[in-house]
Amino acid sequence: MLRPFALTFILVSGALAQETFTPRFEDGDVWTEVTSAKLTLRLKVTEVEDGVDGAAHDRTSAVFREERRETTILEATRDTPAAFRMSWPLSRTREGAPDAASTPTALEGQSVEIRGRDATPADAPEAVKSAAREAAPWRALLPTSPKSAGDSWKIPAAALARVLVRGAREEPGDTSEIKITLASVAEGDGARVATLALTGSIGVDSRQDFRVQFDVKGELLWDLSSGHPVSLAMTGEAKSLEGKVKDEKGEVVGKIAGEGSAFEIRVGYAVK
């Protein structure tokens, strides 16, 4: 029979167990990332003529994005790849109903090799090179030191802004942060999977006089055994949304507001 002191020691030891979150890359690994995203816009559009507000109209629309990205590790150094090749077998968007026709983005069918700041081919579209160099969203969520269940830490919201809008400016306000909490660690089938819960606010600037602030929540599942992400899910609702519509001369012809707009993103990962 365990003595009270021994039992107390076991309980305390378990509570203080710390986990280390270190990504692991191996030469030849192929990382597959499948993204499914939906943005529902509930907007009030006000016409503007000669600087004077006119009639207002309510509009609702939905935008869907599907993407499959494959990254082959060519040269790994510690917890980051020194060289990799990235390709996009699938990258499409569609607007309207879920069964509406989709349109390929500039990334679909593209492939680029990155070594440091060098890209091959050198004449690859800038959008492709930029997308390849963007840090994976899961990396921003990981803690830089060991954590125990229940521990929390914060990251700048800018680290996740581009998950919502590719090419978004990383300029949320200085006070805009995401709180991450190590919610739990589950064991089974030879793996130890940690759940990192996230909450906070993200500001996105689309560089087109369009600014939105989302309240967000979600979770990252991280395989502690392999050092690989399993999945990332995020949802959010706009607590403020404002923008301007300009004509070819740069004159404002409309204003946009959209409280209640929402998004959901799901990303699945596999490494072979």
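This is a chat about a predicted model of one protein chain.

Trainee: What is the mean pLDDT of the protein chain?

Mentor: The mean pLDDT is 84, and 86% of the residues reach 70 or more.

Trainee: Where is confidence lowest, and where is it highest?

Mentor: Confidence is lowest in helix α1, residues 4-15, with a mean of 46. It is highest in strand β5, residues 111-115, at 96.

Trainee: Which residues have a pLDDT below 50?

Mentor: Residues 7-14 are one such stretch, and beyond near neighbours in sequence they have two contacts in the model. Residues 167-174 are also below 50, but that stretch has 18 contacts beyond near neighbours in sequence.

Trainee: Changing topic. How many aromatic pairs are there?

Mentor: The structure holds four aromatic pairs. One of them is W138 with W222, with ring centres 5.3 Å apart and planes at 40 degrees.

Trainee: Why is that pair called tilted?

Mentor: Planes under 30 degrees apart would count as stacked and over 60 as edge-to-face. The planes of W138 and W222 are at 40 degrees, so the pair is tilted.

Trainee: Which parts does the pair tie together?

Mentor: W138 lies in helix α3, residues 137-141, and W222 lies in strand β10, residues 210-223. The pair therefore ties together parts that are 84 residues apart in sequence.

Trainee: Is W138 buried or exposed?

Mentor: W138 counts as buried, at 4% relative accessibility. W222 counts as buried too, at 0%.

Trainee: What about F214 and F263?

Mentor: F214 and F263 form an edge-to-face pair, 4.9 Å centre to centre with 85 degrees between the planes. F214 is in strand β10 and F263 is in strand β13, residues 262-271, so this pair links distant parts of the chain, 49 residues apart. F214 is buried with a relative accessible area of 6%, and F263 counts as buried at 7%.

Trainee: Which residues do ring pairs link into a cluster?

Mentor: The cluster is made of F25, W31, W138 and W222.

Trainee: And what lies over the face of F64?

Mentor: R94 does, at 4.6 Å from the ring centre.

Trainee: Now K147. Where is it found?

Mentor: K147 is in the loop between α3 and β7, with β7 covering 152-156.

Trainee: What is the nearest side chain of opposite charge to K147?

Mentor: That is D151, 5.5 Å away. A salt bridge needs the nitrogen and the carboxyl oxygen within 4 Å. K147 is buried yet has no salt bridge.

Trainee: What does K147 touch?

Mentor: Not counting residues up to four places away in sequence, K147 touches A17, Q18, E19, W153 and L182.

Trainee: On to the backbone. Which residues does a cis peptide bond join?

Mentor: It joins T120 and P121, with omega about 0 degrees. P121 is in the loop between β6 (118-120) and α2 (126-133).

Trainee: Why point that out?

Mentor: Most peptide bonds are trans, and most residues other than glycine have a negative phi.

Trainee: What is the phi of D50?

Mentor: D50 has a positive phi of about 55 degrees, although it is not a glycine. D189 has a positive phi as well, near 55 degrees.

Trainee: Where are D50 and D189?

Mentor: D50 is in the loop between β1 (30-49) and β2 (52-77). D189 is in the loop between β8 (177-188) and β9 (191-205).

Trainee: Is D50 buried or exposed?

Mentor: D50 is exposed, with a relative accessible area of 76%. D189 is exposed too, at 86%.

Note on methods. Residues are numbered from 1 along each chain as its sequence is written. This is a predicted model: local features need pLDDT of at least 70, side-chain atom pairs count only at pLDDT 80 or more; totals for chains, interfaces and linings use all residues. Side-chain values use heavy atoms; hydrogens and water are left out. Rings of Phe, Tyr and Trp (its six-membered ring) pair if their centres lie within 6.5 Å; planes under 30 degrees apart count as stacked, over 60 as edge-to-face and the rest as tilted. Helices (H or I, at least four residues) and strands (E, at least two) are DSSP runs, numbered from the N terminus. Buried means under 20% relative accessible area, exposed over 50%, partly exposed in between (1.4 Å probe, protein chains only). A charge sits over a ring if NZ of Lys or CZ of Arg is within 6 Å of the ring centre and within 35 degrees of the ring normal. pLDDT is the predictor's confidence in each residue, from 0 to 100. Contact means heavy atoms within 4.5 Å. Lys and Arg count as positive and Asp and Glu as negative; His and the chain ends are not counted.
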